[in-house]
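Colleague: I would like to go through this predicted model with you. Let us take it one question at a time.

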Amino acid sequence: MPAAWTPASVPVNRSGITYGLEEEIFITEPTRPALSALYVMAKLLWRNPRYYYKHSATNFARGSEVRQCLMSSVEIATRPHHEIDALLADLQARRRDLAQAASDAYLVPVGHLFDIESPTNTGGLHLHIGVAPERREAVYANLAYFLPLLILLSASSPYARGRYFGQSYRVAHSFAIGTLRNDPYYRFQDLILSRRLGTIEIRALDPIWDVERLRWLLLAVDAIVAMPHLCPLSREQYTALRTQAALTGYTPDLQRLYATLREFCELPEALLQHTTSDALVECMTREGLLGVYARLNHAYRTGRWERVEPHMVKPSSARATVGLLGYYLPKLPYMAYKAWAEWR
């Protein structure tokens, strides 16, 4: 059960708060990513190199999991913004750019592909929050207190190896996140202080295709960031609640946490009672894997969740080669810099 938060005063300066998004999704052909996704990213890069050299990325599976699927998610990122509407407009512009570059390939915004079981092959939504240095500790604690609700609000990875898992296989098993540690700068956990950007970074969120659901999540975060009170940070409590959110869903403990959040944020409870994962399970039962991915691709591109006929698309070794030369090789210096800046 969530511990009560204490009314310790935390002065808030709203004018200095910024938000930025990094969105990781899968490009599939038709149900698995292939190296020809690099060709999509090369097209994206060379249409706007000034922007996408630093605001795009690619990921790969690791270790023995490359046998299941070597290519993993791709990433597009926004600039930082003071206003949520401006942030969402920026994200939608990035999505349009990616959709144009992707042509007939499927764009699949989920935390983990449904037909594999690969903790190093995941996609996520990273939210960067810029606040004054003297407020970071308090905002970090308050975000951690309510983060299990945000995890459930974003959950979109209900399957692994074709079997139902729960709300989010990615949250439960991804190598790139995990329960909170004593060191907030350690990179592979749900909520960190970013060394490279100086922001608070929420890393635990699954991708969210639905802009309105994402808007509510951002409004909830904005309300938490602006709280004039300090919540108690219990890592043991956090671990228990994140597990409930990833496996079970909207449990009585999370309902009590929502009641506290509702005191200062009008987040609709229905978004927690019926998640994106729930909708994906319903669709998977009726339409199968390719049908689900076709819906997600259509929803990501158009904003409409509706049944569409799947189409066939095949990987191409020629496109993969062009992608390696046109995207991956030019990006290597920046990737090396990012790795150094994030782990120094």
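Colleague: What separates R256 and D253 in helix α8?
Modeller: R256 and D253 form a salt bridge, with their closest N and O atoms 2.4 Å apart. The two sit three residues apart in helix α8, so their separation is about one helical turn.

Colleague: Is D253 buried or exposed?
Modeller: The cut-off for buried is under 20% relative accessible area. D253 has 15%, so D253 is buried.

Colleague: How do helices α7 and α8 lie relative to each other?
Modeller: Their axes come within 9 Å and cross at roughly 110°. Angles of 65 to 115 degrees count as roughly perpendicular. Therefore α7 and α8 are roughly perpendicular.

Colleague: Which residue forms a salt bridge with R242?
Modeller: R242 is in helix α7, and its partner is in the loop between α5 and β8, 52 residues apart. R242 is buried, at 8% relative accessible area. The closest N and O atoms of the pair are 2.6 Å apart, and the partner is D190.

Colleague: How many residues apart in sequence are the parts tied together by D115 and R32?
Modeller: The side chains of D115 and R32 meet in a salt bridge of 3.0 Å, N to O. D115 lies in the loop between β4 and β5, and R32 in the loop between β1 and α1, so the parts they tie together are apart in sequence by 83 residues.

Colleague: Is L325 buried or exposed?
Modeller: L325 is found in helix α11. With L324, L329 and L332, L325 makes a nonpolar surface patch of about 340 Å². Exposed means over 50% relative accessible area. L325 has 55%, so L325 is exposed.

Notes:
Residues numbered from 1 in each chain as written. Predicted model: local features only at pLDDT ≥ 70, side-chain atom pairs only at ≥ 80, totals over all residues. Heavy atoms only, no water. Patch = residues over 30% accessible without salt bridge, like charges linked within 9 Å, V, L, I, M, F, W, Y side chains within 5 Å. Areas by Shrake-Rupley, 256 points an atom, 1.4 Å probe, with all protein chains shown as cover. Salt bridge = Lys/Arg side-chain N within 4 Å of Asp/Glu carboxyl O. Helix = DSSP H or I, 4+ residues; strand = E, 2+ residues; numbered from the N terminus. Buried < 20%, exposed > 50% of the residue type's maximum accessible area, 1.4 Å probe, protein only. Axes fitted to C-alpha atoms, helices over the stretch in contact; angles between N-to-C directions. Parallel < 35°, antiparallel > 145°, perpendicular 65-115°, else oblique.
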